[in-house]
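Me: I would like to go through some side-chain interactions and the domain arrangement of this protein, one question at a time. Please end each reply on the value or name I ask for.

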Amino acid sequence: MLGLMQEPPLNISSIIRHAARHHAAAEVVSRTVEGATHRTTYAEIEARARQLAGALRSLGIGAGDRVATLAWNGHRHLELYYAVSGMGAICHTINPRLSGDDITYIAAHAADAVLFADTSFAPLVAAAAPGLRATLRAVVFMTERAHMPDIVLPEGMDLLCYEEIVAAAAPLAAWPELDERSAASLCYTSGTTGRPKGVLYSHRSTLLHALASNMKDVFGLGAADRFLPVVPMFHVNAWGSPYSAPMSGASLIMPGRHLDGASLADMMNAERVTCSAGVPTVWLGLLQHLRASGKRLETVERLIIGGSACPPMLMRAFGDEYGIRVDHAWGMTEMSPIGTYNMPKSSNAALPPDAAFRLREKQGRVMYGVDMRIVNDDGAELPWDGATSGHLQVKGANVCSAYLGDAPGSALDAEGWFATGDVATVDAEGYMEITDRSKDVVKSGGEWISTVQLENIAVGHPDVAEAAVIAARHPKWDERPLLIVVARAGVTVDLASLRAFFDGKVAKWWQPDDIVVVDELPHTATGKIQKMALRDRFRDHLMPPAV
Ligand code: AMP
């Protein structure tokens, strides 16, 4: 017997409709590319998104077509999120920090029909457009006529102004009902090896991810929150916050392109931000600014950290010096992106302070809708003892099953598990801790050494600004850890003190064999350290010189 309940399809438009009706006055505040602060509400965003959807129709966009964006976090980007997927098309957010070559590759691979861009990306657009003649019909700059950049596009490709096409359009009277399994948005992995790969989210996966991430032990946003996503809307949909915030009635404070410590602190205080999310580098920048300026964050209660491992010193510094809780989260593009979030259980309440802090350092427990396991090289499941590390696999409603263009299910093993490429431990209570990337872990004499743990120790040393540990080839042990560091501004790294800094923190045989000081470390488009490039350069650093 079937149930007798209503079955509205899980469509993304339901989120903005709900926000417009029940949180009409909740704000969306944006720092625009031109520098001004723009204020609007969910009611206006919904109305303008319907109008923008009308404009997209008159540009010939229909169901399943790809509409690309090259844009910072701002109100127009939010309107695009809802207009494009709401009308049945697919919003393809492109990461502007990718190389020009990669941008042309993914826009062509996705067969993007129209590209919406912030004016600050005009040079990128001009460079990429000739390579996109086959599919790209128009470029729309997300601004008013007065600020339109003066660029030349290939013949037959229109150059349009966002505010003009919105003003001229007839709005959709209502959002269409779509099959909840239809594709809604597209994001390419940053691909440290090979070409970027497209992850295609559905309406259903996006809705379920937003609902689960709004649970109390995850992002848990509420109508009293004012949330500032530092994580860009071009990187895994700003961790889903453009959906989870309006769903809960939280206001969205959009920082635009200035993500340095001073700009963020100013905006957080001016806009009474309660919660924010970003990668560790951003929070290191904010911490340095607060310490140097003597400023405080007046309303921020919580900072969410993910994207790479949270250095423990960051958690301690914000907690002890500023009374701000730092929560550790883990996820990936292929998971929409949230996988785990770290919140204590009632059974952890009696832990002594040091053990409680140690627990908070882990990446956390899975949110509802995600399952995980760790396996050895042969695929056998490993115990949850907090010590044994293995390859981390996931499955669930917000996990990718195949990359765009690949055969259905081709990203999964025979039992439906997706290999994350991360190496982790899981403890008896289900707290997961990333110890490495599968391809980064150091295999010394058959034993695994966590590069993440060594890096966390190194960045806790007062002379070190940034650190990376790589597996360097070794004549006896196959691989040994090599530490590569960047000194803090104006400081010379005291190598003896840095070496001694590992004593008592890890086993003697885990300690780096050597330390190299460099001026800077190479980063990917999403801010992660490019270990491949470091391995290429330093792989043979510990090998005897060839004779
Ligand atoms: P991306 O798809 O670009 O978001 O990258 C996902 C990868 O970033 C994961 O597979 C992890 O290797 C890494 N990552 C994300 N969050 C964390 C975290 N909290 N700690 C350690 N690594 C992380």
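Reply: One definition comes before the rest: a charge sits over a ring if NZ of Lys or CZ of Arg is within 6 Å of the ring centre and within 35 degrees of the ring normal. The model is a predicted one.

Me: Over the face of which residue does Arg316 lie?
Reply: The cut-off for such a placement is 6 Å from the ring centre. Arg316 is placed at 3.7 Å from the centre of the ring in question, and that ring belongs to Phe357.

Me: What is the angle between the planes of Tyr81 and Tyr243?
Reply: By the ring-pairing rule, the count of aromatic pairs comes to nine. Tyr81 and Tyr243 form a tilted pair with 5.6 Å from centre to centre. This pair links distant parts of the chain, with Tyr81 in helix H3 and Tyr243 in helix H9, 162 residues apart. The angle between the planes of Tyr81 and Tyr243 is 35°.

Me: Why is H9 largely enclosed by the rest of the structure, and how many of its residues are buried?
Reply: Tyr243 is one of the buried residues of H9, and others include Pro242 and Met247. H9 is largely enclosed because its buried residues number eight of eight.

Me: How many residues apart in sequence are the parts tied together by Glu455 and Lys531?
Reply: The side chains of Glu455 and Lys531 meet in a salt bridge, with 2.7 Å from N to O. Glu455 lies in helix H14 and Lys531 in helix H16, so the pair ties together parts whose separation in sequence is 76 residues.

Me: Is Lys508 buried or exposed?
Reply: Lys508 forms a salt bridge with Asp503, the closest N and O atoms being 3.2 Å apart. Asp503 has a relative accessible area of 41%, which makes it partly exposed. For Lys508 the relative accessible area is 62%, and the residue is therefore exposed.

Me: How many salt bridges does the rule find across the interface of domain 1 and domain 2?
Reply: The centres of domain 1 and domain 2, taken over C-alpha atoms, are separated by 41 Å. Six residues of domain 1 are in contact with four residues of domain 2, and the area buried between these domains is about 430 Å², with 68% given by carbon and sulfur atoms. Across this interface the number of salt bridges found by the rule is zero.

How values were computed: Residues numbered from 1 in each chain as written. Predicted model: local features only at pLDDT ≥ 70, side-chain atom pairs only at ≥ 80, totals over all residues. Heavy atoms only, no water. Phe/Tyr/Trp six-rings, centres within 6.5 Å; stacked < 30°, edge-to-face > 60°. Helix = DSSP H or I, 4+ residues; strand = E, 2+ residues; numbered from the N terminus. Domains from an automatic or database assignment. Contact = heavy atoms within 4.5 Å. Buried area = accessible area lost by both parts, 1.4 Å probe. Salt bridge = Lys/Arg side-chain N within 4 Å of Asp/Glu carboxyl O. Buried < 20%, exposed > 50% of the residue type's maximum accessible area, 1.4 Å probe, protein only.
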